[in-house]
Each structure stands twice: as C-alpha cells, then as structure tokens.
Amino acid sequence: MSERAFHGPQAVAPSTLGSSRLRWSLAIFGAFVLLAAWIIADLSSKTRHDLRDFDPAKVARLETSMWRSYYDHERLRLFSELGELLRRQYHLPLWSSWKGAFHAARAAVIFQKGRGREDYLRALPDLEKFYGLIHRHSQTSFDVRAVAALELEWWIVHRERARHSRRRLETALAELQSRIYGLPPSRFDEHARARAEAMLLRDARAESGGVSENDWQQIGALLNRSWLSLHHAVSAG
C-alpha cells in the first residue's frame, strides 16, 4: 500500500481555496467594472448622425413587426424591436437604444390602457425621454417636447378615429415628420397617406374578424411605400 493511500485523500489547503475564491471574485468584479464602464460610455456618448440616413425598407419591416407585437401584447418582443429600430433608423448606440426602447414601450403600454385624453397624456413624459435620446444623437435639432406631443396626438387621433376624418390622421402624421426634419408638412403627404391607409386597413380587418397573413403583407407593402416616400422627401430636402 502506498504512503498516499495509507494517509487517505489529501485535503486542499485552506490558503489554496482562499486564493482561488479571491481570483474568481476579482474576475467577476473586473467584468462588472468593464460592463459598467461600457454602459456609462454608451449612455454619455455624444456621437451625432444624420436622421435622413436610414434604410426605408428595413424600417418598414420593423414597423410592421412592431404593430403585430403591440396588438398581440407581446411587450418583450416590442421592446426588442424598438431597440433595433432606434439603432437602424436613428443610429443610437446599443445601451442608449435600449433605454429609448424602454421609454417608448412604456409609453405604448400606458397609452394602450388609457380610456381618455387625461389617461393618454400620462404617456407624454416617456415620449419626451424617447425623443430626447434621438435628439441627443441627431445632427438636426428639433423641439423635443413639440415632437413628443405630436407623436402622442396622432396616437390619440388614431385611437379616436370614429371622431376624426382620415384626413385628420394624415395631417397629424405629416406634422410629426415636419417637426422632426424641419420641412413643410406637404412634403410628407404621401408618407402620411400610405401610413394612415396601413393603420386603417389593420383596424378594419381586426374589427371584421381578424388580421390575416395576407393582410399583414398588404400592410407591410403600404408601410414600405410610406417610409420610402419619407426617405425621398428628406433626401431631396
């Protein structure tokens, strides 16, 4: 019998265990420090991009998917899609895009639960924070509070569409883009018409029994036309 077998399994020295735990603790702490530094650098970034530089087809596909998530009450999926939209359309850094997505998603949930203008106005602070982040990274300055109010206004007009004409919805959509890009509302007429048509098509199908895959394809095509028109309008500007 060997000497090792005679004495049994050798215990690990307490000092060795302590050293191993210390190394793991330091590694985890270092990872957290690096993550925190990344998040802080991302959120404090002052990089600015041209709001006119986006892919209209990708934005249209994302918006179509976001509508489905919103109406299906898929909040986590909506949050993810909003973050991607902010990165693709408005060029926000990763963590800033998630922060913006949080505010936009929360505004949508607050609004969805509302039953009147007083309820709807509770979504405004989050919309202001959402557009504040976009403004921070935009080369083009715009009035954050005015743009947030116009965003909420078209939400309300659409929700209360029985009280408003289709033209009122189109006007509200055009006014929003006019404020963001600093161009006359008339430049966004086609964008607004196609987007309003997509909304009203979804509404009509939902009220008549449900939105089919074919309906969603038509809605996607209208949104593609809408965002392509907007891209042409701002590029020409």
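Predicted model: local features only at pLDDT ≥ 70, side-chain atom pairs only at ≥ 80, totals over all residues.
Of the 237 residues in the chain, 42% count as buried. Where contacts in the chain link residues at least 6 apart in sequence, 67% of them join residues that are at least 24 apart.

Helix α10, which spans residues 189–207, comprises 19 residues. From its first C-alpha to its last, α10 reaches 27 Å, a span close to the 27 Å that is expected at 1.5 Å a residue. Several residues of this helix are buried, namely H191, A192, A194, R195, A196, A198, M199, L201, R202 and D203. An α-helix has 3.6 residues a turn, so residues three or four places apart point the same way. The buried residues of α10 pack against α3 (56–71), α8 (144–159), α9 (166–181) and α11 (213–236). After the helix comes G209, a residue whose phi is positive, near 135°.

When residues up to four places away in sequence are not counted, H191 touches Q177, S226, W227, S229 and L230. R202 also has its place in helix α10, and it counts as buried because its relative accessibility is 10%, where the cut-off for this class is under 20%. With neighbours within four places in sequence left aside, R202 is in contact with Y71, V211, W216 and I219. Although R202 and W67 are separated by 135 residues in sequence, their C-alpha atoms are 9.4 Å apart in space.

The largest pocket of the model has a volume of about 770 Å³. Its lining is formed by 33 residues, and those lying nearest the centre of the pocket are W67, E151, W154, W155 and R195. R195 is also one of the buried residues of α10. At least two lining residues are supplied by each of α3, α4 (75–89), α5 (94–113), α7 (124–136), α8, α9 and α10. Of the elements that contribute to this lining, α3 gives the most, with six residues. By class, the lining of the largest pocket divides into 21 nonpolar, five polar and seven charged residues.

The residues that line the largest cavity are S69, Y70, H73, E74, R75, L78, V109 and Q112. This lining has three nonpolar, three polar and two charged residues.

Backbone geometry in the loops was examined next. Most residues other than glycine have a negative phi, and most peptide bonds are trans. H73, which lies in the loop between α3 and α4, has a positive phi near 60° although it is a residue other than glycine. H73 is also among the residues that line the largest cavity. H91, located in the loop between α4 and α5, likewise is not a glycine and has a positive phi of about 60°.

A further loop residue, D143, is found between α7 and α8. D143 counts as partly exposed because its relative accessibility is 41%, a value that falls between the limits of 20% for buried and 50% for exposed residues. The side chain of D143 reaches the backbone nitrogen of A146 at a distance of 3.1 Å. D143 and E128 lie 15 residues apart in sequence, and their C-alpha atoms are 10.0 Å apart in space.

Methods:
Residues numbered from 1 in each chain as written. Heavy atoms only, no water. Helix = DSSP H or I, 4+ residues; strand = E, 2+ residues; numbered from the N terminus. Expected span 1.5 Å × (residues − 1). Buried < 20%, exposed > 50% of the residue type's maximum accessible area, 1.4 Å probe, protein only. Contact = heavy atoms within 4.5 Å. 1 Å grid on protein atoms, 1.4 Å probe; cavity = no way out; pocket = protein on both sides within 12 Å on 5 of 7 lines; lining within 4 Å. Points joined across faces, edges and corners; volume = space filled by probe spheres on them. Nonpolar A, V, L, I, M, F, W, Y, C, P; charged D, E, K, R; others polar. Polar contact = N/O pair within 3.5 Å; in protein donor to acceptor, adjacent residues only side chain to side chain.
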